[in-house]
Amino acid sequence: MTIAARPLDPDAIIGILGGGQLGRMLALSAASLGLKCHVLCPEPLSCAFDVVRRVTEADYVDKSALDRFADDVDVVTYEFENVPAETATFLAARKPVLPDPQVLATTQDRLVEKSWITSLGIATAPFAPVGSLKELAPALAAIGRPAVLKTRRFGYDGKGQATIRTGDDAEAAWQEIGAQPAILEAFIPFEREISVVVARSIDGETLCFDVAENEHRDHILKVSRVPAAVPAALADEARGIATRIAEAFDYVGVLAVEMFVVADGAAPAVMVNEIAPRVHNSGHWTLDGCSVSQFEQHIRAVAGWPLATPVRRGRAEMVNLIGAEVEAVDKWLTVPGASVHLYGKPAVRDGRKMGHVTQVFEE
Ligand code: AMP
């Protein structure tokens, strides 16, 4: 059973599953609109706990904690896509869950996600399922080398991925990803990586932010620049793809679509790499570089409020502070025009996103 959502009153409570920086920034935006948040997360020192009305420190499958959480909130949303299906189903029987948990079933599995995107007539890298080591050789024969072997589930920031080049031992790649159900993708020699953050309201209105161009280091997003240096027609195509995906999901909230730009003969074209059914790191620039942030837009959508039309304030550049880089934050604190965001995470770890800095320049 799914419970229908209706517009929230200004003092309503939004339940957020997940307590990381995305939940924290969602809660801060909710507070700006007078809405309260209740975050449920199993990790005791979750950085979203610091900025909300109420917290529940409990496992995602703790039914009695979920029951109390559901009683307290008016609507439930999430800040990460690996919410267990049973959690979403349990909560959806009690309160509206937005975006609809069915979206999770598609986006939690790379094979299901890519098959679904292809069924919409949208291009992805050529791919083949690899359910066992035995299936890897025929998949490689079909896809060719180089190829990227990815776990079907729980991959992020390049984790659970191995590239197989000419001469590489395919079995070693299979072991490297943990010998689990996988997808083999053709390696795309992309010209650049871009993403589109799109919001869709309960009434079905969709609005995209400007296209971001993303630079990764060690598979982790390092810099997003907006607008992406792509022809206007390609930017329109990218926004059109994100909009079609949001509509096909009957989505409510913010979602991000990561894409590769490939130089296809004379005209560059886009291929979808991944959908994130949530606010996204490549949309952080909107906090300082746009009249409405992706976080506020998501809150407006799940609250059943109208979306705001985003107006970009200039050319934006967002840099992530990853791991120990945060220890050099002093150098950013005095840069004129730089907006520093620190997530208040208790411990620095390699690869951990600790904060970000956005600069907005006149165009
Ligand atoms: P993902 O976890 O699928 O988002 O992949 C993380 C990063 O790995 C992407 O942002 C790309 O830089 C790279 N990557 C993933 N898939 C491919 C591919 N099929 N071809 C080339 N690079 C890829």
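View 1. Domain 2 and domain 3 bury about 390 Å² between them. Carbon and sulfur atoms account for 39% of it. Buried area is the accessible area (1.4 Å probe) that two parts lose on being put together, summed over both. Five residues of domain 2 touch five residues of domain 3, where contact means heavy atoms within 4.5 Å. Taken over C-alpha atoms, the two domain centres are 28 Å apart. The chain divides into domain 1 (13-97), domain 2 (126-186) and domain 3 (192-361); these bounds come from an automatic or database domain assignment.

View 2. Strands (E, at least two residues) and helices (H or I, at least four) are DSSP runs, numbered from the N terminus.

View 3. A polar contact is a pair of N or O atoms within 3.5 Å. The side chain of Glu 193 places an N or O atom 2.6 Å from a ligand oxygen. For Glu 274, a polar side-chain atom lies 2.7 Å from an oxygen of the ligand. For Lys 150, the distance from a side-chain N or O atom to a ligand oxygen is 2.8 Å. Taken alone, the ligand exposes 470 Å², and the protein buries 93% of that. These accessible areas come from the Shrake-Rupley method with a 1.4 Å probe.

View 4. Leu 98 and Pro 99 are joined by a cis peptide bond, with omega about -5°. Pro 99 sits in the loop between helix 3 (85-92) and helix 4 (102-107). Another cis peptide bond joins Val 226 and Pro 227, with omega about 5°. Pro 227 is in the loop between strand 12 (220-226) and helix 8 (232-248). Asp 218 is not a glycine, yet its phi is positive, about 50°. This residue lies in the loop between strand 11 (212-217) and strand 12.

**Notes.** Residues are numbered from 1 along each chain as its sequence is written, and side-chain values use heavy atoms, without hydrogens and water. In this predicted model, local features need pLDDT of at least 70 and side-chain atom pairs count only at pLDDT 80 or more, while totals for chains, interfaces and linings use all residues.

Terms used
A polar contact is a pair of N or O atoms within 3.5 Å; within protein, one must be able to donate a hydrogen and the other to accept it, and residues adjacent in sequence count only if both atoms are side-chain atoms.
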